[in-house]
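Here is a brief report on one protein model and its ligand.

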Amino acid sequence: MATKTKYQAIKGARDLLPPGTDLWARVEQAAREVFGSYGFGEIRTPIFEPTELFARAVGEETDIVSKEMYTFEDRPSDLPDFARGSFDVVKSANELIGLFRAGEIPQGSVNKIRIAQLEKKLEQWHSVNEKFQSIARTDQVLAGDLEDFGTTTSQVAFLTRDVQLGDLISLRPEATASICRAYIEHGMAQWPQPVKLYCLGPMFRRERPQKGRYRQFYQIDAEILGGSDAPGVDAEVIEMVMVFFERVELPGVHLELNSIGHSAPPADGKPVCRRAYVEALRAALEKVKDKLGADSQRRIETNPLRVLDSKLESEQAIIATLPKIGDYLCDDCAKHYAEVKRQLDARGVKYQENWRLVRGLDYYMRTTFEITAKGLGSQNAVCGGGRYDGLIELLGGPATKGIGFAIGEDRLILSLQEAGKGSAAAGRDVFIAWMGEKAQATAIAAARKLRDAGFRVELPPVEQKFGKALGQADKLGARYALILGDDEVTSGQWTVKTLADGKQEKVAEKELVEWLRKSFRG
Ligand code: HAM
């Protein structure tokens, strides 16, 4: 039960506690095993990256980048704290201008504009100040002059606070951009292709928290980079995630599939099918604009594909009448999609096509997919992924094929728990109840031996009456209590009590490990 305390986890972030964390560990272990069997190796990337990386990769106009990232200035620690306002506003402003000219603070276009504004405001301040000082000498200060001086000084202070002192960095909202950055940075194009990587860890998005949606959440992400874009790669990566879900016994798994065509101009100058589709979609949307909500209306301009994602009840009938991507795919994309489907069939992977599945990140092309599971309510997507062949090039690397997915681990766990798969046997295997000095030494040695043999053992640090000790063993959910008193130590015949039924038996010291193993197997 939660208790009210002065400090609480930040909204949308949670503590994951034992025994619940056992299930997290089991799921992660299963991912490592399944992905390992497909030739994947683990990558761990930093949880923060330059904001620019996510803006480029995921897309400026996406919800993730435009609204949801945790972004902050990575200001050098040896800079004075201009932002908190110095008493001498003008001195601070001059220092900042000096730092900018010396190239010690970011030189980007935004800062250029802010420094120029600051310089202009400083000039104005000097003339206001000059006037103010000359009047002050004559003791004729009027309220208006004082106000002028005050306002201009505040404006200088305000502009000073606006100057960016360090580069902008963001907590990662997803892993694909970081993994692509790492691929380029470590010259992985020189490694044997394809490079298959997986990554587990927390991601951060400032979304409205609700069941299955958190601000710090966990993904299990897998990517295949480089090598071929043959449909067999798409089918295999989808097969892998389905095998994983089967391994962890996720209930009600449902896979949806789509192809959204391609957008990067191909070398041979063939038409770019997604562009043609987006144009047709935009034109159709313009005609029904009045009937759409504000979000969709805005998206007609910025990203019409995202209108297809709308969950607004009032828009569903309209969306059903819009042009479908399937009718616009070029021959190559259509062939690719048909072959992905054929190869999924060959692998016995069931799917449902969904022409509206466009995904909320900009880097996708051709294959996109999403997987839902039972017990999750409205946030029921437990995995999303797709192909992103142009991304590494967009980030400054060589032309490279790419495809991958991310599983929402929080949602996966929720669904497993709802299906009753999460009731991990917590507790202890053995609780050692001991009394007396000699028994303590024996208990310490026994605890070490049993732990070495892999049992979960609780050894009370101070002597307790047997009655109290057994009560504690019960509370901790121990399966057995090992009772060690003088008699047991002398005879070498230890008492083992099964806590569930109170049955007690003597087990020879030497045979205890084997006895326990057998009883756990049986
Ligand atoms: P995504 O669809 O944004 O894709 O996220 C993948 C999964 O992460 C979602 O299906 C969901 O289960 C989980 N998820 C997302 N946001 C939250 C949240 N606020 N709380 C809980 N779970 C959440 C990507 O992130 C892509 N990088 C996937 C990918 C990898 N595509 C290619 N490679």
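## Ligand shell

Residue classes are used as follows: Ala, Val, Leu, Ile, Met, Phe, Trp, Tyr, Cys and Pro count as nonpolar, Asp, Glu, Lys and Arg as charged, and the others, Gly among them, as polar. On that basis, the shell around the ligand divides into 11 nonpolar, 8 polar and 8 charged residues. The model is predicted: local features need pLDDT of at least 70, side-chain atom pairs count only at pLDDT 80 or more, and totals for chains, interfaces and linings use all residues. Residues are numbered from 1 along each chain as its sequence is written, and side-chain values use heavy atoms, with hydrogens and water left out.

The ligand is surrounded by 27 residues. A residue is near a molecule or strand if one of its heavy atoms lies within 4 Å of it. Glu174, Glu207, Tyr214, Tyr364 and Ala381 are the closest. Strands E6 (216–225), E10 (381–387) and E11 (402–408) each supply at least two shell residues. E10 gives the most, with 6 residues. Helices (H or I, at least four residues) and strands (E, at least two) are DSSP runs, numbered from the N terminus.

## Polar contacts and burial of the ligand

A polar contact is a pair of N or O atoms within 3.5 Å; within protein, one must be able to donate a hydrogen and the other to accept it, and residues adjacent in sequence count only if both atoms are side-chain atoms. Which side chain has an N or O atom 2.9 Å from a nitrogen atom of the ligand? Thr176 does. Tyr363 also places a polar side-chain atom 2.9 Å from a ligand nitrogen. Gly408 uses its backbone: a polar atom there is 3.4 Å from a ligand oxygen. Taken alone, the ligand exposes 660 Å², and the protein buries 95% of that. Accessible areas come from the Shrake-Rupley method with a 1.4 Å probe; for residues, only the protein chains shown count as cover.

Helix H8 covers residues 231–247. The expected span of a helix is 1.5 Å times one less than its number of residues. For the 17 residues of H8 that gives 24 Å, and the end C-alpha atoms are 24 Å apart, so the two agree. Of those 17 residues, 13 are buried. Buried means under 20% relative accessible area, exposed over 50%, and partly exposed in between (1.4 Å probe, protein chains only).

Leu225 sits in strand E6. Its relative accessibility is 0%, so Leu225 counts as buried. Leu225 and Ala189 are 36 residues apart in sequence, with C-alpha atoms 8.7 Å apart in space.

The chain is divided into domain 1 (20–66 + 170–254 + 386–418), domain 2 (76–165), domain 3 (265–327) and domain 4 (430–521). These bounds come from an automatic or database domain assignment. The C-alpha centres of domain 1 and domain 2 lie 46 Å apart.

Phe520 belongs to helix H18 (residues 512–521). Its relative accessibility is 27%, so Phe520 counts as partly exposed. Glu339 lies in helix H12 (residues 331–346). At 25% relative accessibility, Glu339 is partly exposed. The C-alpha atoms of Glu339 and Glu104 are separated by 54 Å; along the chain these residues are 235 apart.

## Backbone exceptions

Most residues other than glycine have a negative phi, and most peptide bonds are trans. Two cis bonds are worth checking in the viewer. One joins Pro18 and Pro19, with omega about 5°. Pro19 is in the segment before helix H1 (20–37). Another joins Gln193 and Pro194, with omega about -5°. Pro194 is in the loop between helix H7 (176–185) and strand E5 (195–204).

Where does Glu249 lie? Glu249 is in the loop between H8 and strand E7 (254–259). Its phi is positive, about 60°, although Glu249 is not a glycine. Glu249 is partly exposed, with a relative accessible area of 46%. Arg359 has a positive phi of about 70° and is not a glycine either. Arg359 lies in the loop between strand E8 (352–353) and strand E9 (365–372). With a relative accessible area of 13%, Arg359 is buried.
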